[in-house]
Amino acid sequence: MRLKLKTVFVLYFTVSLLGLIYALMQLGQRCDCTEHDAARDRTISRLRGELHSLREQMKKPEPTNPPKPALPPTIHVITPTYTRLVQKAELTRLSQTLLHVRQLHWILVEDSPHKTVLVSEFLVRSGLTYTHLHVPTPRESKLQEGDPSWLKPRGAEQRNEGLRWLRETAGGRQGAQLEEGVVYFADDDNTYSLQLFEEMRGTQMVSVWPVGLVGGMRYERPVVEQGRVVRFHTGWRPNRPFPLDMAGFAVSLRLVLANPDAHFDGDAPMGFLESSFLQGLVTMEELEPKADMCTKVLVWHTRTEKPKMKREDALQKQGLGSDPGVEV
Amino acid sequence: MPKRRDVLAIVLIVLPWTLLITVWHQSAIAPLLTIRKACYHLVKELFIIPGTLAVRRHQLADDRGNGRRDTGQGSDSKEYCSPDKDIVEVVRTEYVYTRPPPWSDVLPTIHVITPTYSRPVQKAELTRLANTFLHVPNLHWILVEDSQRRTPLVTQLLHETGLNYTHLNVETPRNYKLRGDVRDPRIPRGTMQRNLALRWLRETFSVNSTQPGIVYFADDDNTYSLELFEEMRSTRKVSVWPVAFVGGLRYESPKVNAAGKVYGWKTVFDPHRPFAIDMAGFAVNLRLILFKPQAYFKLRGVKGGYQESSLLRELVTLNDLEPKAANCTKILVWHTRTEKPVLVNEGKKGFTDPNVEI
């Protein structure tokens, strides 16, 4: 018995010793994971290089830019929005444009009795400076399913809410900083070029420019002679006081604050929404033409198709609709 | 005493093994730890630097008074430094710039192929698409016009964006039998343009090139989130994800099983297609495109909805597909369509100055 145990022990001891020696030799060789490590080392050194170059960029003063004032006027963009299938997509691509504009403050006003989760979470992730408001449109003024889009003015209450907030917030602050600003009404389905925002930044009272794809035409625009707006080039009801589209003008914040009663009249006849706001603020002669004397189109009144949901509706009837937990 | 001897024996047996295990473990872990630490530091710094470069952001209080938003940089670096992912991805949209972000030597290039054609909303579509692309690092835009010649509108637009681009053009042959500007209906729209871009890629990059790249087909009227581009950057062969507003549904998506493999398609319209996916729902690694130089979109005789399959079946099998967007549960791209603008007031002769570009 004893002999057997001893042999077993000796055998086991030898095996483990050999194993240990083998392992120690392996460690000495620095395993083949060095390949993996080397790639990472390379990546890290490249990253360090990039970091270094970024730091250099920071130190270098920008030679081409003339010294700018410390804070250019803030552009307050008021956007009414409402829940529908394409809402998240529209807000996404609008935010991608706005993200390029410095000193921009986005005032997003939902047509809703409360703030929706979709918009709240979207704004937090957007990276923009924003204010999230909401006000529901009263049912009589609301467009019903199947109504053509031009039947009732859309977004009037929401824009007024944006104005109200601005007046309330600016009224509290006495500093000149907040007074230096421009207010622009941007719908969530239009298309804006980056140049547009720089054009409107210097607005003293109300500035205007052409808008593409609106009024049943390629573009609508104010006609400028000798630096002043003399009339409007539009094919639809040109006798309105201001035959402009919502996207075709911007108002200085100072003017908005100086006229606390100026607001959008939701009951105004079709096409007169803009005029209902601008009438008390400014005359045609006082308008400031932008976009190269109103000869360039920097904003387009695009509209997004309502996506076809026939199959979705059919599935929903059978109780097999897509997962509502997946946000679209 | 036999008891003591036994104990001694056991100790002598166990000791070498414990020594072995501890030493081995230590030596394997240590280098990994140092790399991870270095990685975290670098990721943090890369995020912090751009923040100081940019205009300072602050959130004006809304009526609830939410206060300052936290950028949460710590959690991001962990995500990026995990050992099975490539170190450092992006470059979030925390900064403001009108130029594209600086070119990185580390990130694979995303080659975005966009076919386009002249119509009133073209400039608007390309403008907002460019505004999106200006946020994406290492993006190369291949814009292919459906025209006989490269138009000045597109040439000028591309030049002004500052993006890294290639401007190509090929005209889809018109159907002269029908009156008006009608293209050959047998060739689906955009096919020749996409194929031209694929050919350009194959002529420009050699198979042996080590420059990593991803190819994505982006139509000019869709909407893309910035997260999508970062998801596709890690494509090894072909990656897929859900697309909203296609096939008459809220979204179509690949079916992914528990093992993370694609086994089918969640669509109503012909789910038995080899690849029941929209053009915007997949991306291909450039290496695969170069490796299979015969793979193109089929020009003629393609049934509606089979265009994507005509290319993908020459590149991959279902098993090789990589699901992205949280295993195909998040929507990162929307198949939006822009309404055709009503131009009734232009009349027969045109009311507006045709020299003003829209």
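Helices (H or I, at least four residues) and strands (E, at least two) are DSSP runs, numbered from the N terminus. The expected span of a helix is 1.5 Å times one less than its number of residues. This is a predicted model, in which local features need pLDDT of at least 70 and side-chain atom pairs count only at pLDDT 80 or more, while totals for chains, interfaces and linings use all residues. Residues are numbered from 1 along each chain as its sequence is written, chains are lettered from A and ligands numbered from 1 in the order in which they are written, and side-chain values use heavy atoms, leaving out hydrogens and water.

**Stop 1: a helix in chain B**

Select residues 191-204 of chain B. This is helix H5, with 14 residues. From first C-alpha to last it reaches 20 Å, close to the 20 Å expected at 1.5 Å a residue.

Now colour its buried residues (buried is under 20% relative accessible area, exposed over 50%, partly exposed in between; 1.4 Å probe, protein chains only). Among them are B:Thr191, B:Arg194, B:Leu198 and B:Leu201. What covers the buried residues of H5(B)? The cover includes strands S1 (109-116), S2 (139-145), S3 (164-169) and S4 (213-217) of chain B, and also helices H7 (286-291) and H8 (307-312) of chain B.

Zoom in on B:Ala197, in helix H5 of chain B. B:Ala197 counts as buried because its relative accessible area is 0%. Leaving out residues up to four places away in sequence, B:Ala197 touches B:Ile113, B:Ile142, B:Val144 and B:Leu168 (contact means heavy atoms within 4.5 Å).

**Stop 2: a surface patch**

Select A:Phe13, A:Leu17, A:Ile21, A:Met25, B:Leu8 and B:Leu12. Together they form a nonpolar surface patch with about 540 Å² of accessible area. Helix H1 (2-29) of chain A and helix H1 (2-53) of chain B each give two or more residues to the patch. H1(A) gives the most, with 4 residues.

Patch residues have over 30% relative accessible area and no salt bridge (a Lys or Arg side-chain nitrogen within 4 Å of an Asp or Glu carboxyl oxygen); like charges are joined within 9 Å, nonpolar side chains (Val, Leu, Ile, Met, Phe, Trp, Tyr) within 5 Å. Areas come from the Shrake-Rupley method with a 1.4 Å probe; for residues, only the protein chains shown count as cover.

**Stop 3: positive phi**

Select A:Gln103, in the loop between helix H3 (87-98) and strand S2 (104-110) of chain A. Its phi is near 50°, a positive value in a residue other than glycine.
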